[in-house]
Amino acid sequence: MAAAIERQGFPVVNITAVPTVSSMIGVTRVLRGESVVNLLGNIAISPVQEKMLRRKYVLRALEILRMDLKEKQVFTLEGTE
Amino acid sequence: MKLQVETVEIKNVQAGPKTYVSDHQLYVNLQELEKIILADGRIQSVNLDWVYPGDRVRIVNVVDVIQPRCKMDPAEEDFPGWLGKLKTAGEGRTRSLQGVSVILSNPVSKRSYSGILDMFEKGAEWSKYGKLINLCVNPQPAGSTEERDFEVAVKLAGLKAAVYLAKAAEGHPADQVEVFDLDLSRQKESTLPRVAYAFLLYTPQHDYQGISDPVLYGAEISQSLPMILHPNEILDGGIVNPHTIRGMDTYSLQNHAVVKELYQRHGQELFFTGVVVYVASLEPVKRQRAAMMVGHLVKNVLGADGVILNKVHGGMPHIDMALAAEACEKQGVKSVLLIQFFESGTSLAEGALFNSQTLDAVVNVGQTLERIHLARADKILGGSAGTRIYNPHFTQKADDAVIDIEGFLLAGFHDHLGGSKIKAVDY
Amino acid sequence: MNSPKLKVVHYLNQFFGQEGQEEKADMKFVVKPGPVGPGLALQKILGGKGQVVATIVCGDNYFAEHMDEAAAEAIKLIAPYEPDLFFAGPAFEAGRYGMACGAICKAVGEKLDIPAVTGMFEENPGVDLFRRHAYICKTGRSTLKIAQTLGEMAALAWKLLSPEGGTKIVAGEMIGRPAEDGYFSRGIMKNEYAPQTAAARAVEMLLAKMQGRTFETEVELPKFQSITPPPAMRQELGACEIALISDGGLVPKGNPHGIRGRGNLVWAVYDLESFLPENYSPANYEIAHTGYYPARVLENPNRLIPVDILRDLEREKVIAKLHPLFYSTSGNGVMQKRCEEMGEEILQEMKKRGVDGAILTST
């Protein structure tokens, strides 16, 4: 679905724990998440830390929505894949 | 390591006061087996029923199918880590029965996918087990037994039955002797092309209650990093199927098609350099780490020039497998992948979940969710007429006029290990 | 040779139906008894096995200008004959004619449940639109080969009707393979029995690949068109309205819109204030997606759609607004085409409501 939205020129960022599939289909703004079963969470840390982690992801996603991209990219929290 | 499998063909099964095989007839004292199974306090009672090809019987709640096998020397262990003590599987002599299998049911299973087997018409025609004489093992839990604990007890009951039946053939001449003799340390002496096998053995994405099932020497491996196994360990009970049939079961592992195919050609067209076993990951970083390690083990430790990769049921593991294959290709190891399809309303190309250019050699094991229709049975074993049979879109019961199921739930039909001839084709 | 003659109905456009040329392109449907024009050649080919009982004819423009109604009209005219088989055209390269043939074949297949066969050249727009719904034989450009093409169409039709036709198919239906029987693949897949096991085929393919011999992969890998990255959101974040979309199957308990856990076709909209309030209860949700273990998301749906964070960011004025509606669907085993359609439909909604950018979470 992200590919269809992007083809119409609308800014969307796809957060996924299987970024290779999104990238293969052509999605240009892909942000790698934590886990297939827990995309923006982590049960190994405290709820407070988990929320802080989720906030990092959202801010990263918003940052990506404001980036001019020349070609497709898979982003991570820290950088790119 | 050298394994010798001595197979006795069973042509008929009869009840008798003693359990033994004579002239390819298997005589069984089921009460004796029942006692062995009931020694496990988690099991209240157990139904043991023989079914023959052509019987209008449907077996439901099927959680595994096991070929009767036992080690022939007392120093060896049957299904080590499960029934037997921990001892490396795959050496010495193993007796095997051909023509009979154990169909294991868990009548109180709450897992959503329920395997079935029909002994009549289409279901039997399509399944390789529908042509065998089968012992249906159907234990009921003792009152206080916890759900998952009972699943383990059920598995052990099935393995015990498999060992018990094989032991009956003691002293009977073998109809076929297969020797699996492979010294991995000698691969450098060979000038033949070196082929390894990378086996994605487990995926945690469907874990029941989020807990992984044990598979390797009685251990669950969903957190394991890639490891090397000798192929004989797969053939000789080192790996037992998880608690759900999904196009794979213990019988198919005991007869692992890719392993046997490589063995057949070993020493002639190729040198079989060994097996890497790994699992699918829910986390992207773990997925990358596993892929990297598989590539390294295949190339630098097993010294392979080529590798076959396959996987268990699931969509996500295609990605894990594709990344592992790419890691191999990057190091100059040629790869062939076995993939499955999920959706009939697309072409094959649309159904693939990867498209890296180096993955240009792909075999497919079929559209394992293609729906099949089965007629009504006269008798239900392993459950009752009201047992729910899984269908993604509607509710149905075991004795409905027609059962509509996805093919991977019919035991012995699809085979992720490459043993069936089913192939999905563009139409 | 004593089986009853099969009843056949044939569709032709105004030209082949001998009514006229372009000037007759607007003509409405007429029904003529027996075969007409190329239908005579078809009748010869069918011989004693089949009888063209009627030919329906209409103008290319008439059909093209209201395809759905025209197709329905065609069915009304065809059905009374209770045909066993339907042929249309062949249309070769003619675009409007191809669309009409394809549309009528589709309707015949769906409503009358009989084989519907036509023929087109690969560039005919009717091919892409109708290949999944009709049996479209591959033709050349030239209409001079019409007799030969009709022969091929008839041969395919017999295959479709005969019980032995082409079956290596596992589930036992009768069908011929596109490559062998000269028709455009219908974009579906079926299980067949190959002569060797997958393991044997894999090892042979690997040896060929290792030795540099040619081999044929069983699965051509998909090719995807590259997408130009959409321009970034222009305004400062503080002026942006951000929407959340997910294909992880998150729905209210009871799954009121019937989103399917696999092979889903629909999406739904939920008002976030009531759907995921700050004091949510895990008991109020379901995951309509069978491809992953759902417990973590059910414990805290923010793990799939980060509503808690976006609410905070709105409060802190980092963003202008969290779009009040959540667009939810399930992406497990969904056909690519439907996936794309859903994306476009959701986009229309978001645009209507002034969303500046979206976060789409997938499992």
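**Figure 1. The fold of chain A in this predicted model follows the pattern α-β-α-β-α-β along the sequence.** Chain A has 3 helices and 3 strands; these are DSSP runs numbered from the N terminus, helices being H or I of at least four residues and strands being E of at least two. Its radius of gyration, 13 Å, is close to the 12 Å of the globule rule for 81 residues, so chain A is as compact as a globular protein of that length. The radius is taken over C-alpha atoms, and the rule is 2.2 Å times the number of residues to the power 0.38. Of the 81 residues, 56% count as buried, a term for residues with 20 or more other C-beta atoms (placed from the backbone) within 10 Å of their own. The model is predicted, so local features need pLDDT of at least 70 and side-chain atom pairs 80 or more, while totals for chains, interfaces and linings use all residues. Residues are numbered from 1 along each chain as its sequence is written, with chains lettered from A and ligands numbered from 1 in the order in which they are written.

**Figure 2. Here chain A meets chain B.** 11 residues of chain A are in contact with 9 residues of chain B, contact being C-beta atoms, placed from the backbone, within 7 Å. On the chain A side, helix α2 (residues 19-25) gives the largest share, 4 residues. That side has 7 nonpolar, 2 polar and 2 charged residues; Ala, Val, Leu, Ile, Met, Phe, Trp, Tyr, Cys and Pro count as nonpolar, Asp, Glu, Lys and Arg as charged, and the others, Gly among them, as polar.

**Figure 3. This view shows the largest nonpolar core, with 223 residues.** Such a core is a set of buried Ala, Val, Leu, Ile, Met, Phe, Trp, Tyr and Cys residues joined through C-beta atoms within 7 Å. Among those with the most contacts inside it are B:Ala198, B:Ala324 and C:Ala202. Helix α3 (residues 147-167) of chain B supplies the largest share, 11 residues.

**Figure 4. An open sheet of 6 strands in chain C has the order β2-β3-β1-β4-β5-β6.** Its pairing is mixed; two strands pair if DSSP finds at least two bridges between them. The edge strands, each pairing on one side only, are β2 (30-33) and β6 (135-139) of chain C. Strands β1 (residues 6-13) and β3 (residues 50-58) of chain C run parallel, joined by 8 bridges. In this pair, C:Leu6 stands opposite C:Gly50 in β3(C).

Note on methods. Buried ≥ 20, exposed ≤ 12 C-beta atoms within 10 Å, placed from the backbone. Contact = placed C-beta atoms within 7 Å.
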